[in-house]
Amino acid sequence: MTSSISERITTIRASLPPSVRLIAISKQVPTEVIRSAYNAGIRDFGENRIQEAARKQAELQDLSDITWHFIGHLQSNKAKKAIELFPWIHSVDNLKLAQRLNQLAQELGVNPQICLQVKILLDPNKSGWSVPELLADLPALNQCKFLQIQGLMTIPPLGLNDAEVLSVFNSTKQLAKKIQEQNWSDIKMEHLSMGMSGDYQLAVQAGATMVRLGTILFGDRT
């Protein structure tokens, strides 16, 4: 990539509505590059590995207004460390994990913000609730009082055309609306975390409030 990170960030931010939060996915990105993105105005960074994130957070602790987002598959044995390090977890993908996080949040005295990962289409390569499973688990999720459930996260299956991807995003928006209309006391549907480097414009079109961009900002990683 010939343009600088700051130029790419400026261009992309200019293309996003003010209502959309840009989360820079900084996995495998050195801390000095994260600093460059920070200096270009980014305050939200996403990581998918606990150990890597812990090291980076220690090296960047002088940047006290960064918000860290966990965006990877979260195993139960890493749950405690995840809520210690991340105020946002976008990838809560099953009820057992949500209940474990809720228990840990109570013990640690924190209230992490959560997105529920849903699979609109069957996809053996992705984690997440199917739509019927999620609707069935809502009463139990509503009992997770120490989690701030803020909305849904989705990743379309690979190999879809633009119209199919847009349909997935629109369906996620409709699902969020359906859940919101049920008026749960402790489940909000204020956020839709959807859209990555290849499809974020379609996600924004469908109503995303948070886009997760890595390659388009930082280039390819190994």
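## Helix 7 and Thr172

Helices, as the term is used here, are DSSP runs (H or I) of at least four residues, numbered from the N terminus. By that convention Thr172 belongs to helix 7, which covers residues 162-180. The structure is a predicted model.

Thr172 has a relative accessibility of 0%. Because buried means under 20% relative accessible area, Thr172 counts as buried. Leaving aside neighbours within four places in sequence, Thr172 is in contact with Val118, Ile120, Leu152, Thr154, Leu192 and Met194.

## Nonpolar cores

The largest nonpolar core holds 65 residues. Within this core, the residues that touch the most other members are Ile89, Leu101, Leu116, Leu134, Leu141 and Leu152. Leu152 is also one of the residues in contact with Thr172.

For Leu101, the contacts beyond four places in sequence are Leu74, Ala79, Ile83, Ile89, Val92, Ile114 and Leu147. Another core, of 7 residues, lies apart from the largest one; Ile23, Trp88, Cys115 and Met210 are among its members.

The unreviewed UniProt entry places the feature "domain: Alanine racemase N-terminal" at residues 4-221. In the model, this span is 42% helix and 21% strand, and its end C-alpha atoms lie 16 Å apart.

The unreviewed UniProt entry also places the feature "modified residue: N6-(pyridoxal phosphate)lysine" at Lys27. Lys27 is located in the loop that runs between strand 1 (21-25) and helix 2 (31-39). Its relative accessibility is 26%, so Lys27 counts as partly exposed. Not counting residues up to four places away in sequence, Lys27 touches Gly46, Glu47, Asn48, Glu52, Lys56 and Arg221.

## Salt bridges between loops

Side chains of opposite charge can pair when their charged atoms come close. In this model the count comes to 11 salt bridges.

One of the pairs is formed by the side chains of Arg43 and Asp65, at 3.0 Å from N to O. Arg43 lies in the loop between helix 2 and strand 2 (44-47), and Asp65 lies in the loop between helix 3 (50-59) and strand 3 (67-70). The pair therefore ties together parts that are 22 residues apart in sequence. Arg43 is partly exposed at 29% relative accessibility, and Asp65 is likewise partly exposed, with a relative accessible area of 40%.

## Salt bridges within helices

A salt bridge of 2.9 Å, N to O, joins the side chains of Lys80 and Glu84. Both residues lie in helix 4 (residues 79-85), 4 residues apart, or about one turn of the helix. Lys80 is partly exposed, with a relative accessible area of 40%, and Glu84 is partly exposed at 40% relative accessibility.

Note on methods:
Residues are numbered from 1 along each chain as its sequence is written. This is a predicted model: local features need pLDDT of at least 70, side-chain atom pairs count only at pLDDT 80 or more; totals for chains, interfaces and linings use all residues. Side-chain values use heavy atoms; hydrogens and water are left out. A nonpolar core is a set of buried Ala, Val, Leu, Ile, Met, Phe, Trp, Tyr and Cys residues joined through side-chain atoms within 4.5 Å. Buried means under 20% relative accessible area, exposed over 50%, partly exposed in between (1.4 Å probe, protein chains only). Contact means heavy atoms within 4.5 Å. UniProt positions are given in the numbering used here, feature names are shortened, and annotations may be inferred rather than shown by experiment. Helices (H or I, at least four residues) and strands (E, at least two) are DSSP runs, numbered from the N terminus. A salt bridge is a side-chain nitrogen of Lys or Arg within 4 Å of a carboxyl oxygen of Asp or Glu.
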